[in-house]
Amino acid sequence: MTALPDWMRPPRAEGWFAEDLDRLPEAPRHTELIDGALVFMMSPQRSWHGRLVTSLTTTLMDATPAGLDVEREMTIRLDERNRPEPDLLVTTAPYDPDRTWYAPQEVQLVVEVVSPESAHRDRTVKLRKYAEAGIPHYWCVEDEGNAPVVHVYELDGPTGVYTPAGIFRGFLERPVPFAIRLDLERLTPPKSKQE
């Protein structure tokens, strides 16, 4: 049995807190805090995931109006025990080069690109937690035969839960959180033909 490195041991009996993530330089990239537990993305990232996140980042950056900005792979401090790291977020906060997290009230849209190892968290746990934190819009992007399919959710104010606002294949057009038109087929390279 291999002993845990010291940095992996929680600093207190209650476990990890949101501010602890900023004091873990040894932690792997993309370490999240979910319900006081560290979650590591240890599997190799698929090229499809990386390309899609990059394409979505640049496309959304080009489309966001003044007063909104796009961030990639930054955590959101939902509460003292939860700091998930979405693939993308759209924020109202001004740029700060030293920022390490965003508050939920600064986030208008969260985008998660589903990977096999994150599927359960992206489809259920994060869906619920982002809604409970009051983030108005959530997109969950799935791989359907190497083509992106975007499941769009909007926060229902009276109930505080996300309601489905559409499933988009090929093309996505939405008026909120800002007017956006996306040709989904252009976000990933076409699948090469096998001979």
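Student: Which ring does the charged end of R77 sit over?

Tutor: First, the general idea: a charge sits over a ring if NZ of Lys or CZ of Arg is within 6 Å of the ring centre and within 35 degrees of the ring normal. Here, the charged end of R77 sits over the ring of W101, 5.8 Å from the centre. R81 lies over the face of F17, with 4.8 Å to the ring centre. This is a predicted model, where local features need pLDDT of at least 70, side-chain atom pairs count only at pLDDT 80 or more, and totals for chains, interfaces and linings use all residues. Residues are numbered from 1 along each chain as its sequence is written, and side-chain values use heavy atoms, leaving out hydrogens and water.

Student: How many aromatic pairs does a search of the whole structure find?

Tutor: A pair of aromatic rings is described by the distance of the centres and the angle of the planes. Rings of Phe, Tyr and Trp (its six-membered ring) pair if their centres lie within 6.5 Å; planes under 30 degrees apart count as stacked, over 60 as edge-to-face and the rest as tilted. The search finds 4 aromatic pairs. Take Y138 and Y153: their centres are 6.0 Å apart and their planes at 35 degrees, so the pair is tilted.

Student: Are Y138 and Y153 buried or exposed?

Tutor: Buried means under 20% relative accessible area, exposed over 50%, partly exposed in between (1.4 Å probe, protein chains only). Y138 and Y153 are both buried. Y138 also pairs with Y162, and this pair is stacked: 5.8 Å centre to centre, 15 degrees between the planes.

Student: Which residues do ring pairs link into a cluster?

Tutor: The cluster holds Y130, Y138, Y153 and Y162.
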